[in-house]
Amino acid sequence: MSAKRPVAVMGDGGFWHNGLLSGVASNLLNRGDGVLVVMKNGYASATGTQELISSPTEEAREQALGRSAAHSDRTIENTLRGLGVKWLRTVNNYRVREMAKAYREAMTTPEKGLKVIVAEGECQLERQRRLRPGVAKKLASGERVVRVKYGVDEDTCTGDHSCIRLSGCPTLTVKDNPDPLRRDPVASVIDGCVGCGLCGENAHAAVLCPSFYRAEVIQNPTLWDRIVSRIL
Amino acid sequence: MSLPQRPITLLIAALGGEGGGVMADWLMEAATQCGFPAQATSIPGVAQRTGATTYYLEIYPARRQDLGGREPVLSLTPSPGNVDVMVASELIEAGRAMQNGFVSPERTTLIASTHRIYATVEKMQMGDGRFDGDKVAAAAGQLAKQAVLFDMRKLAQESGTVINAVLFGAMAGSGVLPLPRAACEQAIRGAGRGAEASLRGFAAGFDIAAGQRPAPPPPEPPKRATQLEDILELGRERLKDYQGERYAALYEERMKPFLAGDPRLAAEVARHLALWMAYEDIIRVADLKTRASRFARVRKEVGAKSGEPVVVIDYLKPGIEEFASILPAALGKRLVAWAERRGKLDAYNVGMHVRTSSLPGFLLVRSLAWLKPWRPMSYRYREEQQLIEGWLGLVADAAKRDAALAAEVAECARLIKGYGETHRRGKANFLAIVDALIQNPATASPREQAAAIRQAREAALADPEGKALGSALGKPVVWLKPVGRT
């Protein structure tokens with residue numbers, strides 16, 4: 001047995017393709033003491049979002065609309081339990097603090113045997129695809145729509161980029177510092193942001209800096225929205 | 001009849017989500033329409049989200065009916081020296097193609113967009129890790145037979161389409177494709193969805209590559225204050241805004257000894273001093289976050305139209321350090337010392353999602369900004385002023401020996417930035433360099449000392465764990481590790 005617990009990461013697509021048998025079953029048979037993280041975003045393949053046995057059902061997706069529908073299916077968890085995994089946690093992937101806690105627990109618990117963390121959060125692109133036509137329809141019919149985008153305050157960002165060292169998000173990038181006295185570029189969230197909020201959660205969980213903000217743009221505002229927004 | 005010796009080879013380097021695959025389809029469709037034998041293949045990268053994707057096509061520019069039943073042999077792999085058209089959807093992708101030898105002066109037309117999408121290794125550096133794009137443009141001028149370079153992303157945005165349409169237009173417009181414009185446009189039309197916008201983008205790219213329309217001007221370089229007078233003016237203004245007239249006067253007072261010396265050194269000292277004196281404590285952050293100009297900027301950044309209310313939620317997480325920073329100096333010092341001893345500096349942070357755009361949220365944050373008059377009595381103020389005075393003294397001492405050495409010492413102020421742990425790490429690095437290389441140098445030569453300081457500073461910015469700095473100083477740099485944080 002190794003002195004430190006090994007950690008393995010696989011996607012849910014990989015889990016069903018061969019991770020379950022050659023990974024999990026083998027580890028159980030050989031009485032491993034490692035930690036397995038299954039990234040459960042609900043679909044297989046990078047661009048195709050092909051369905052899996054554990055993909056959320058059509059109804060669940062319709063119901064979830066702009067939120068994650070990944071939690072509606074528990075086939076992976078049930079399968080793991082049935083196979084004999086004793087230590088199993090399902091954590092929302094976007095709650096960085098809770099996820100860090102789960103990792104720490106998995107790495108330090110005296111319990112022997114395979115420990116599995118199911119990191120749950122629906123594929124953001126799939127969520128966008130589902131959301132887009134609905135939003136377009138609502139906007140056209142004059143209904144109230146809230147659009148979420150994250151951002152970085154350029155005058156409190158000091159250009160250290162620790163937020164980027166914790167997040168590989170392609171829309172979290174850098175731009176020239178607008179302050180004529182500073183030289184290092186500042187962090188910036190560009191237009192492709194899907195509003196998942198991971199950057200802000202990271203900054204929060206790691207106590208990085210106060211520069212992240214979440215902006216909710218209220219399109220087709222109601223009279224009430226307008227009154228509230230006038231107060232300031 | 002004489003047939004072409006070889007096929008036209010096209011290599012396309014795109015990023016995921018830019019429609020490189022669609023562009024390959026357009027090319028195939030246009031070639032097929034012209035009756036040319038053609039073949040395409042692709043290497044998908046991490047598609048959708050900016051992973052590098054590669055497409056390779058060969059088009060034999062003779063009509064199949066003229067071949068008398070013979071079939072050309074087409075390859076599935078590009079090889080260096082055998083590429084006719086190299087297409088890159090981004091500047092560094094063009095650089096990579098050149099580095100890999102796919103652009104040769106005898107044969108290759110390079111068509112690339114000059115905009116940048118930064119790679120993670122460029123973005124994550126603690127300083128400025130961005131590659132110098134001018135080098136790529138210069139290399140393109142030397143290595144390509146013909147280089148067509150302009151900002152295609154801008155044109156795509158203006159045309160309301162994706163960059164692939166503009167790239168396709170630029171290929172057709174540069175005259176290197178054996179395919180007439182009409183066939184290309186027909187291929188786009190045949191693909192259906194979004195065809196009108198794609199055709200607009202295609203036309204824009206075509207016209208610029210064919211020299212019928214000027215390329216969009218490159219973006220303005222960022223405004224930088226480099227002249228001493230400008231920096232002093234900006235610094236004064238900033239510090240007046242930060243803590244009032246007296247604080248601004250203190251800035252001028254501190255600058256006085258440097259004004260008679262080397263003007264370049266004075267400018268750098270003035271710049272770092274202004275930034276350092278306007279350190280980002282909780283009062284400053286609260287002040288900046290509750291300004292009308294800030295809400296206006298957020299509205300602009302998120303693209304809110306007039307009449308659309310915007311709710312702004314700030315992610316704040318003050319802890320012991322932030323609390324101590326506004327306590328009276330003696331009390332704050334004791335609190336921080338206690339927390340450091342027990343490794344509890346990050347243990348009691350309160351995570352808050354403050355709705356700064358609502359009245360209660362605004363008042364909560366603004367009330368912190370109202371503590372401004374109290375600031376000079378605070379713990380953090382005293383700490384920062386001591387550090388600043390110490391640094392100024394070191395720069396002044398070094399200036400008596402050598403201006404270049406003094407400049408290196410001054411530049412070390414750059415290490416201190418950020419918040420919380422990042423700030424602590426920067427400060428520890430700064431102090432380590434001061435101790436090892438400025439106050440106790442191993443050499444008597446100012447030049448060697450300056451070089452050592454520069455090297456250590458760059459090492460400090462090289463990795464957040466301080467490994468590089470540790471080896472540059474010849475001893476480990478210890479900064480407070482996050483012990484027992486939950």
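**Entry 1: a helix pair in chain B**

I started with helix 19 of chain B and helix 20 of chain B, which are roughly antiparallel to each other, since angles over 145 degrees count as such. I am working from a predicted model here. I looked up the packing angle and found about 160°, with the axes 10 Å apart, for helix 19 (residues 420-439) and helix 20 (residues 446-460) of chain B. I also noted the hand of the crossing of these two helices: right-handed.

Next I asked which residues make the contact. From helix 19 of chain B I listed B:Asn429, B:Ile433, B:Leu437 and B:Ile438. Helix 20 of chain B brings B:Gln449, B:Ala452, B:Ile453, B:Ala456, B:Arg457 and B:Ala460. I sorted the residues of this contact into seven nonpolar, two polar and one charged.

**Entry 2: the nonpolar cores**

I then turned to the largest nonpolar core and found 55 residues in it. B:Ile433, which I had met in the helix contact, is among those with the most contacts inside this core, along with B:Tyr251, B:Val269, B:Trp391, B:Val395 and B:Phe430. Helices 19 and 20 of chain B are among the elements that give it two or more residues, as are helix 9 (228-243) and helix 17 (379-401). Which helix gives the largest share? I found that helix 11 of chain B does, with ten residues.

Leaving aside neighbours within four places in sequence, I found B:Tyr251 in contact with residues including B:Ile231, B:Leu239, B:Ala270, B:Leu273 and B:Met277.

Last, I noted a second, separate core of 41 residues, which includes B:Leu27, B:Leu57, B:Leu179 and B:Ile188.

Notes
Residues numbered from 1 in each chain as written. Chains lettered and ligands numbered in written order. Predicted model: local features only at pLDDT ≥ 70, side-chain atom pairs only at ≥ 80, totals over all residues. Heavy atoms only, no water. Axes fitted to C-alpha atoms, helices over the stretch in contact; angles between N-to-C directions. Helix = DSSP H or I, 4+ residues; strand = E, 2+ residues; numbered from the N terminus. Parallel < 35°, antiparallel > 145°, perpendicular 65-115°, else oblique. Left-handed = near helix turned anticlockwise from the far one by under 90°. Contact = heavy atoms within 4.5 Å. Nonpolar A, V, L, I, M, F, W, Y, C, P; charged D, E, K, R; others polar. Core = buried A, V, L, I, M, F, W, Y, C linked by side-chain atoms within 4.5 Å. Buried < 20%, exposed > 50% of the residue type's maximum accessible area, 1.4 Å probe, protein only.
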